[in-house]
Amino acid sequence: MKEKKKVGIIGAGVSGLLACKYVLSRGHDAIVFESQSTVGGVWTKTVRTTKLQTFKSFYQFSDFPWPSSVTDDFPNARQVLDYIQSYACHFSLIQHIKFNSKVRSMDYEGSSDDESQTWTVWSDECKWKIVVEDTVNLSVEAYRVDFVILCVGRFSGLPNIPEFPPNKGPDAFDGEVIHSMDYAAMDDEKAARIVRGKKVTVVGFLKSAVDIAMECSTANGIENPCTLIYRNPHWNLPDYFPWGVHLALLYLNRFAELCVHKPGEGLFLSFLATALSPVRWAVSKFIESDIKHRHQLKKFGMVPAHSFLQDINSCQLALMPDGFYDGVEKGSIILKKSSSFSFCKDGVLIAGEERPLETDLVILATGFKGDQKLKDIFASPKFQEHIVGSSDRVVPLYRQCVHPRIPQLAVIGFAESLSNLYTSELMCRWLVELLDGAFKLVSIREMGEDILRWDQFMKQYARGSYRRSCIGALHVWHNDQLCSDMGWNPRRKNGFLAELFEPYGPMDYASK
Ligand SMILES: Cc1cc2nc3c(=O)[nH]c(=O)nc-3n(C[C@H](O)[C@H](O)[C@H](O)COP(=O)(O)OP(=O)(O)OC[C@H]3O[C@@H](n4cnc5c(N)ncnc54)[C@H](O)[C@@H]3O)c2cc1C
Ligand SMILES: NC(=O)c1ccc[n+]([C@@H]2O[C@H](COP(=O)([O-])OP(=O)(O)OC[C@H]3O[C@@H](n4cnc5c(N)ncnc54)[C@H](OP(=O)(O)O)[C@@H]3O)[C@@H](O)[C@H]2O)c1
């Protein structure tokens, strides 16, 4: 008979809920620690106009479709949150969640840091001790579990704040500086109040930045234009139909993946990827030409120096809010490229400009420190070092999920894709097969070698942004690896042509 395990899950966003559901489905015990008072993670606090930027059919639990009442392809944040909450209720997950419970630290009890260096396979001799603080009464309690699933989220909690020279940071400025996370946490009325009638500067050019700039532009018009400071323009999309062709047909199928080099590919696939490189280039140019044309990027000086291929392989794509470039055209949004910026008393100093940009409020939409958040949760300095790896390598997670030297622990929700829910779900399914002993992990050395192959892939296509661990344009290949570990047939379509050209999505993995 298989061993029943006690599994501690940290976080009750999409990833934590999925983990809980699948762990329970195999008869294991699950206890979820969630620092907030509700489920949903990032979807509990978003800027007012946020919508899902993935087609809802791709952002869907494989056994719990969207309700028919949600007709929009891109539901709003409230609808997404309702959907996630319904999932939690439908599968009776709520009773397994300890709310207002913040995990302060974790340790793999009984093993020393030196000992962990000698392991050749995942150890299973010790238990994890999880120290949890009740955020209401501040009491602290310790729990012991056989396995931990870290679902603490990549894009929440710990903001990435740029570094500034001495005396040139936010403290030097008389106005207010907040992060997009703070703006998102405000209720609608407060968020409207804080920008209304103000000179607002937004920093960044990905999804949070363009959404917030659009809100400011709508609130303040040309009287108080919103300035957006960016380092690099990106190939942000007007929609998912470049020149009328669905993007999923160009990137989310097996044919598209044949055109790129893949980690662990054999000679034949390597040859094919090289032979098809003109197609890879042409598809990227095809999409770039559509975006250039529709957003008039040349006119606004916003043509990125890098390719669309690089942006999709680093998941650095945002769906532009409607009317963004109309705002630029009429002057309610001002775009300023700057390699760096800093603060002075009256505003923001932009590299190459003599006078400071006068401003009342600066919103840093500069992303999050997801890796630091993972690191901070471990008590052991060795595990802290292991989990993030070195900055010149990808975050070292085998199958984007487990660290070779951190036993009996998985991370779900770190690797990014164009539909993170789908990515998390298949990883949870892989994980419960591992928990059940349906397959065994390869040795620590082999896991390390596989991670290096992914490191090479990510550096080749995502270039400097390889630390984002984006599998967006190689999802099917990644899924194939998970399927083959689990003993599932990776080919999920009917017929050769469908297998080659039909996009893959969550429903393809609804059954084994
Ligand atoms: C505004 C916004 C919109 C997005 N839109 C899309 C989209 O359209 N498509 C897409 O694919 N992705 C999107 N994403 C990415 C998004 O992060 C994922 O889709 C997904 O919701 C992440 O879920 P998660 O459970 O992994 O993390 P989170 O939602 O961040 O959940 C993590 C949970 O862990 C809890 N937690 C963290 N630390 C601790 C601790 N120490 N102790 C206890 N609990 C803890 C947090 O409170 C939180 O509830 C969006 C992200 C944001 C910020
Ligand atoms: N569905 C939605 O509506 C929605 C809304 C918000 C967020 N999201 C998702 O949430 C995730 C996080 O998005 P995000 O936009 O908050 O963060 P992000 O994708 O990490 O983007 C961060 C931005 O800040 C810039 N930046 C970082 N450090 C900087 C510095 N020191 N100086 C100047 N600029 C700096 C980056 O510029 P470079 O490009 O030059 O590095 C980039 O433009 C993404 O997956 C996103 O898709 C989705």
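Helix H6 (residues 207-220) gives the shell around ligand 2 its largest share, four residues. That shell counts 22 residues, and Pro162, Gly204, Leu206, Ser208 and Gly367 come nearest to the ligand. Keep in mind as you look around that this is a predicted model.

- Which classes of residue make up the shell around ligand 2? By class, this shell has eight nonpolar, 10 polar and four charged residues.
- Ligand 1 has 34 residues around it, and Gly11, Gly13, Gly41, Gly153 and Gly413 come nearest.
- Helix H1 (14-25), strand E4 (101-108) and helix H15 (420-435) each provide at least two residues of the shell around ligand 1.
- The shell around ligand 1 divides into 13 nonpolar, 18 polar and three charged residues.

- How many residues lie between the strands in the hairpin of E5 and E6? There are five residues between them, and in this hairpin leucine 138 takes a positive phi near 65°.

**Strand E15 and its parallel partners**

- Strand E8 (residues 176-179) pairs with strand E15 (residues 361-364) in the parallel sense, and four bridges join them.
- In this pairing, valine 177 stands opposite valine 362 in E15.
- Strand E9 (residues 200-203) pairs with E15 in the parallel sense too, over four bridges.
- Valine 200 is the residue to look for here, as it stands opposite leucine 361 in E15.
- As a bit of background, strands of a sheet pair through backbone hydrogen bonds, and the pairing can be parallel or antiparallel.

**A three-stranded open sheet**

- Strands E12, E13 and E14 form an open sheet in the order E12-E13-E14, with antiparallel pairing.
- Why is one side of E12 and of E14 left without a neighbour in the sheet? Strand E12 (341-343) and strand E14 (357-358) stand at the edges and each has a single partner strand, so one side of each has no neighbour there.
- E12 and strand E13 (residues 347-350) run antiparallel and are joined by three bridges.
- Phenylalanine 343 has valine 348 in E13 as its bridge partner.

**Helices H15 and H17**

- The crossing of H15 past H17 is left-handed.
- On the H15 side, Leu426, Trp430 and Glu433 take part in the contact, and they meet Asn479, Leu482, Asp485 and Met486 in H17.
- By class, the residues of this contact divide into four nonpolar, one polar and two charged.

Definitions and conventions: Residues are numbered from 1 along each chain as its sequence is written. Chains are lettered from A and ligands numbered from 1 in the order in which they are written. This is a predicted model: local features need pLDDT of at least 70, side-chain atom pairs count only at pLDDT 80 or more; totals for chains, interfaces and linings use all residues. Two strands pair if DSSP finds at least two bridges between them. A residue is near a molecule or strand if its C-beta atom, placed from the backbone, lies within 6 Å of it. Ala, Val, Leu, Ile, Met, Phe, Trp, Tyr, Cys and Pro count as nonpolar, Asp, Glu, Lys and Arg as charged, and the others, Gly among them, as polar. A crossing is left-handed if the near helix is turned anticlockwise from the far one by less than a right angle, and right-handed if clockwise. Two residues are in contact if their C-beta atoms, placed from the backbone, lie within 7 Å.
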